[in-house]
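Keep the 3D view open as you read.

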Amino acid sequence: MPSFIERLLFPAPRLDLAALGRRLEGRTVLVTGASFGIGEQVARIAGRAGARVLLVARTASRLEEVAADIAADGGIAQGLPCDFSDGAAVERLAAALPAVDIFVSNAGKSIRRPILASLGRPQDVTRTGAINYLAPCRLALAAMPGLVARKGQIINVSAANVLLPPAPGWAAYQASKTAFDQWLRSAAPELRAVGVAVSSIYLPLVRTRMIAPTRSYDRVPAMSPEHAAHHVAAAILTRSRRWRPWWLPPVQLAAALAGSAWEPLAEHRAQSAVR
Ligand SMILES: NC(=O)c1ccc[n+]([C@@H]2O[C@H](COP(=O)([O-])OP(=O)(O)OC[C@H]3O[C@@H](n4cnc5c(N)ncnc54)[C@H](OP(=O)(O)O)[C@@H]3O)[C@@H](O)[C@H]2O)c1
């Protein structure tokens, strides 16, 4: 049950399920990261709405469970297991990808680690880069001919932090999420010109496996994964260019007006974390 503050910060979107059904009936939706969290909920909503859902993630057993649940509800779903940190596996998936109407790029890996604790861990950069940036680009390129032919849609499940000043401790995650956001937004005008919708969903904190290791988030307001998935479904329905929480534009404005004034605060927080 969301708290009062969560209801205030994250009002639930109105979702016309009948209209979503008309939009998705007979369409093919590719959802990456469909084994857990937000992607799982997006896959379930799309399956219930009548789409054929292609489920991508590493955990094949979870993809089978989600596909079986969707089939039990009368839908059609197929698991396509793939590890995005394995470039050859991503190439195989890209080569075998059927034409899709909607590509929901959602799979993601988050790392919170101070930079001086990362010196022997170049894999933090290469893995987040592969999972959050390179694999989504590769799959989007593979899906593009079908998306253009079907006047389809690409939806990027992005993070609100991408639109805010960079936060210490999150260098690898933030850089890789920002890279895909920029790549897709740069391509968006070209894609829209040929009838492909591009939507970026800038999510705040969402209560999933991803944030569980960060104990300080236990007390911070967060969305449920079902709620976050409703924003993705609303974007499918409206083909809107972006969704962000109502309070993000004023926070962005405050950050822009503050200029570099926030930097001593970030440094103070980083020093406290190091001590
Ligand atoms: N939770 C938040 O607060 C939050 C906030 C803003 C944005 N987001 C974004 O929301 C998206 C979904 O995250 P979530 O919160 O739902 O986290 P989650 O529950 O951990 O789900 C992440 C999904 O990505 C898949 N994945 C992870 N590593 C993978 C790999 N190497 N290859 C293929 N798939 C992989 C996972 O499946 P397997 O483990 O089975 O591979 C899982 O299905 C991410 O892009 C994240 O950046 C989350």
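Start with strand β6, residues 197–203: seven of its seven residues are buried. Keep in mind that you're looking at a predicted model. In a regular strand, side chains alternate between the two faces of the sheet. For β6, both of those faces are covered. On one side sit A197, S199, I201 and L203, on the other V198, S200 and Y202, and all of them are buried.

So what does β6 pair with? One partner is strand β5 (residues 153–159), which runs parallel to β6 and is joined to it by seven bridges. To find your place along this pairing, look for Q153, which stands opposite A197 in β6. Getting from β5 to β6, the chain passes through helix α7, residues 171–193, in a right-handed β-α-β crossover.

Strand β7 (residues 242–243) also pairs with β6, again in the parallel sense, over two bridges. Here S200 has R242 of β7 as its bridge partner. Which hand does the crossover from β6 to β7 have, right or left? The chain goes through helix α8 (residues 225–238), and this β-α-β crossover is left-handed.

Now turn to the empty space. Rolling a probe the size of a water molecule over the atoms shows where such space is left. The second largest pocket has a volume of about 200 Å³. Its lining includes M1, P2, E6, R7, F10, P11 and A12, along with R207, A222, M223, S224 and H227. Sorted by class, that lining has seven nonpolar, two polar and three charged residues.

Terms used: Residues numbered from 1 in each chain as written. Predicted model: local features only at pLDDT ≥ 70, side-chain atom pairs only at ≥ 80, totals over all residues. Heavy atoms only, no water. Buried < 20%, exposed > 50% of the residue type's maximum accessible area, 1.4 Å probe, protein only. Helix = DSSP H or I, 4+ residues; strand = E, 2+ residues; numbered from the N terminus. Pairing = 2+ DSSP bridges. Right-handed = clockwise from strand over helix to strand, strands pointing away. 1 Å grid on protein atoms, 1.4 Å probe; cavity = no way out; pocket = protein on both sides within 12 Å on 5 of 7 lines; lining within 4 Å. Points joined across faces, edges and corners; volume = space filled by probe spheres on them. Nonpolar A, V, L, I, M, F, W, Y, C, P; charged D, E, K, R; others polar.
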